[in-house]
Amino acid sequence: MKILVGYKRVVDYNVRIQVKPDGSGVVTDGVKLSANPFDDIALEEALRLREKGVAEEVIVVGIGPANLTAHLRNGLAMGANRAIHVTTEDAVQPLTAARVFLKLIEKEQPGLVILGKQAIDDDANQTGQMLAALWDRPQATFAGKVEIADGKATVTREVDAGLEVIEADLPAVITTDLRLNEPRFIKLPDIMKAKSKPIDVIEFGSLGVEAHDHLKTTHYAAPAKRSKGVMVKDAAELVAALKQKGLL
Amino acid sequence: MSERETMEYDVVVVGAGPAGLSFAIRLKQLKPDVNVCVIEKASTIGAHILSGAVIEPQPLDALLPGWRDNPPPICIPAGEDQFFLLSKTGARKLPLPPGMHNHGNFIVSLGALCAWLAPQAEALGVDVFPGFAAADNIYNEDGSVAGVRIGDMGVAKDGTHKPGYTEGIDIKAKVTVLAEGARGSLTKQLVKRFKLDADSDPQGYSIGIKELWQVPAGRATPGKIVHSFGWPADTRTYGGGFIYHLDGDRIALGYVSGLDYSDPEYKPWEAFQQWKHHPLIKPLLEGGSILSAGARAMATGGFQSLPKVEMPGALLIGDTAGLLNVPKIKGTHQAIKSGMLAAEHVAETLDTRGFDARLRGSDVMAELKKVRNVKPGFKKGLWFGMANAAWETVTGGASPWTLKNKADWSSLHKLGEYDEPERDYVQRTLPPRDRLASVYFAATEHDEDQPIHLHVADTDICATKCVEEYDNPCTRFCPANVYEMVADETQPHGKRLQINSANCVHCKTCDIKDPYEIITWVTPEGGSGPNYQNL
């Protein structure tokens, strides 16, 4: 079985996000970029399935500009067998990403697609669900535990009410939640090995995917600064303060 | 236990700063078939480096002749130079000392410059590995340096192995090049082991604390360079500030405190924040916001403190050797030049022997010799220091004498032996409010569940002798509030040391200034530490 893994590059979670002074976006120049943490979890899960003998090949997929290669090499260093780089200079919205994945699925015929439940830049949480619908295959989102046997995936989902266990026939789309696993550290010798692993470069335009944006961003703004708090001595004072504000 | 994995290179470079990257680039230009790798503890190139920075471009011209057509992202030609002596409310404009004319120079972000150099090294075939910390030196049977050991990943605070534990590998090389920056943790061990400082004065250091601000449109004058000394430092403390106007309504500013200060109550971070409130500076910043902040020690001992820079199997280059030119307040050009010189040496010989003589015979050293007496003169106070600096400048360093440097840890006076200077400080209104708020702008990150990377040999001293003698200066000299004395009734003075190692910004000040020499800074897990943006 082949596993296709979405591997998006985002502004690192440690970076303090700054909105450009003109509100047209967030600053990405000189800013550390790294793999979307949920995608690292997706890749780790795929690698574990391969190590268990469930899968033979793990393919990482990135959609983005030419310099995405270094990022995909990290995925290869972590252990993926090969990478597919769909090149585009434009920002890619969830529906477009899902359509790109569908094209790659038609070509690669994977038994499983694992994606992060969301990317920490736009927090859309849509690509996996849209892909399952387009592909007309089952989806198991927010996975906290995955077991594969007899052509079925048994997935424990992290839902608001607790944990939900579902079975999905393969091929299927799984999206990962935070507690699914802890991704491994990359080892130096594996970085060297990754240099000789193949990266297929596919021009976005050649896929025949409609590229228009379905969402329009009007402007970006930083959240309003929290105003200064008041210290209260005891519960009575707190109640009085809340009442004064009309909150009680 | 299985044998530790090993990778072999002809040359391994520790540190992807201007020295290490220039070395690697030059070596590959001269000898494309040499295998060279650069390892860097920051998670991304440039994330741990911090400098003013105004740089002299000549070494870059020599290294990368076409660089001006493809400049680094922040690169503003130097404009007007100004130099001020500050009092609390006033500023007297002084004539520029000759070393501080910046015409033809560029204001850069050293972090952005390194992030721009690294891919150029990679294009030449250099393997650059960010996110890997060189935790130890390794040696051959004959005692020569054999390379470095990468730190283990996934070790818990108590030393046990977490599920993701990954043993660090050994990188073996014919030549190991230390380019760690000031007070490198591996360099420190090598200096001791090979007695590299036997014939030199102790190294001296300063700490620079910097912030990058986004200011309201129209306030910044791109290229403008302002330096100041005087307030808030008292005349016995060496300190000065810089304001560099960038493009995009950004201003880089910082304050440098000599770590040879003697006042046990001195707070370098507070001095910086005070300085920001001078009437010359505050109006520039009001209404703006901080983009990034950090701190880093720099070597200021210069000519007489330069240790031997070669040993069997290894070389020192850049600021870990200590090549910064204090009166010019610049080290980047020296770092690049020493890196190139070392590359030429290694390309010719694939050996370390003879590099020390080569460096000492070069213009890198000639430049340091000229100014060797300027910084030590300030030991006798501001006014003597200025008069001495003028004399040394006029004579071009031709004085027949060389003033001595002392170790910074030894310069701290004990409580009661030092009359506290009158701290003419103001009420602060500009952010950040305190050091914790400042660390937030350094975006520093350490996995909390890892061994503490600040080794204090004997914490009993902290709770007893140090309370009495120095009032725990670590709680003041650290710009990131790593060291804290917390209440503990079982201790003689009712408090004990707590190390908030996750706050550390890797400036190395504690390793330098602690008066008992019991703090040792070692590398935390690779990729930990600050995430500076354009510092």
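Reader: In strand 10 of chain A, which residue is the bridge partner of A:Leu115?

Author: The model is a predicted one. Strand 6 (residues 112-116) of chain A runs parallel to strand 10 of chain A, and 5 bridges join the two. Within strand 10 of chain A, the bridge partner of A:Leu115 is A:Thr175.

Reader: Which residue of strand 10 of chain A is the bridge partner of A:Ala143?

Author: Strand 7 (residues 139-149) of chain A also pairs with strand 10 of chain A, in the parallel sense and over 3 bridges. Among the residues of strand 10 of chain A, the bridge partner of A:Ala143 is A:Thr176.

Reader: How many of the residues of strand 10 of chain A are buried?

Author: In a regular strand the side chains alternate between the two faces of the sheet. On one side of strand 10 of chain A are A:Ala172, A:Ile174 and A:Thr176, on the other A:Val173 and A:Thr175, and both faces are covered. Strand 10 (residues 172-176) of chain A is largely enclosed by the rest of the structure, because the buried residues number 5 of the 5.

Reader: What is the omega of the cis peptide bond that joins A:Leu170 and A:Pro171?

Author: Most residues other than glycine have a negative phi, and most peptide bonds are trans. A:Pro171 lies in the loop between strand 9 (162-169) and strand 10 of chain A. The bond joining A:Leu170 to A:Pro171 is cis, and its omega is about -5 degrees.

Reader: How far apart are the end C-alpha atoms of residues 23-211 of chain A?

Author: The UniProt record, an unreviewed entry, places the feature "domain: Electron transfer flavoprotein alpha/beta-subunit N-terminal" at residues 23-211 of chain A. This span is 30% helix and 31% strand, and its end C-alpha atoms are separated by 24 Å.

Reader: In strand 15 of chain B, which residue is the bridge partner of B:Leu85?

Author: Strand 5 of chain B pairs with strand 15 (residues 225-230) of chain B over 6 bridges, in the parallel sense. In strand 15 of chain B, the bridge partner of B:Leu85 is B:Phe229.

Reader: Is the peptide bond from B:Trp231 to B:Pro232 cis or trans?

Author: B:Pro232 is placed in the loop between strand 15 and strand 16 (239-245) of chain B. With omega near 5 degrees, the bond from B:Trp231 to B:Pro232 is cis.

Reader: Is B:Ile329 buried or exposed?

Author: B:Ile329 is found in the loop between strand 20 (314-316) and helix 7 of chain B. Its phi is near 55 degrees, a positive value in a residue other than glycine. There are 21 C-beta neighbours inside 10 Å, and a residue counts as buried at 20 or more. B:Ile329 is therefore buried.

Reader: How many nonpolar residues belong to the contact of helix 1 of chain B with helix 7 of chain B?

Author: Helix 1 (residues 18-30) and helix 7 (residues 332-349) of chain B pack at an angle of about 35 degrees, with their axes 7 Å apart. The contact includes B:Phe23 and B:Leu27 of helix 1 of chain B and B:Ile336 and B:Met340 of helix 7 of chain B. Of the contact residues, 5 are polar and 2 charged, while the nonpolar ones number 12.

How values were computed:
Residues are numbered from 1 along each chain as its sequence is written. Chains are lettered from A and ligands numbered from 1 in the order in which they are written. This is a predicted model: local features need pLDDT of at least 70, side-chain atom pairs count only at pLDDT 80 or more; totals for chains, interfaces and linings use all residues. UniProt positions are given in the numbering used here, feature names are shortened, and annotations may be inferred rather than shown by experiment. Helices (H or I, at least four residues) and strands (E, at least two) are DSSP runs, numbered from the N terminus. Axes are lines fitted to C-alpha atoms, for helices over the stretch in contact, and angles run from 0 to 180 degrees between N-to-C directions. Two residues are in contact if their C-beta atoms, placed from the backbone, lie within 7 Å. Ala, Val, Leu, Ile, Met, Phe, Trp, Tyr, Cys and Pro count as nonpolar, Asp, Glu, Lys and Arg as charged, and the others, Gly among them, as polar. A residue is buried if 20 or more other C-beta atoms lie within 10 Å of its own, exposed if 12 or fewer, and partly exposed in between; C-beta atoms are placed from the backbone. Two strands pair if DSSP finds at least two bridges between them.
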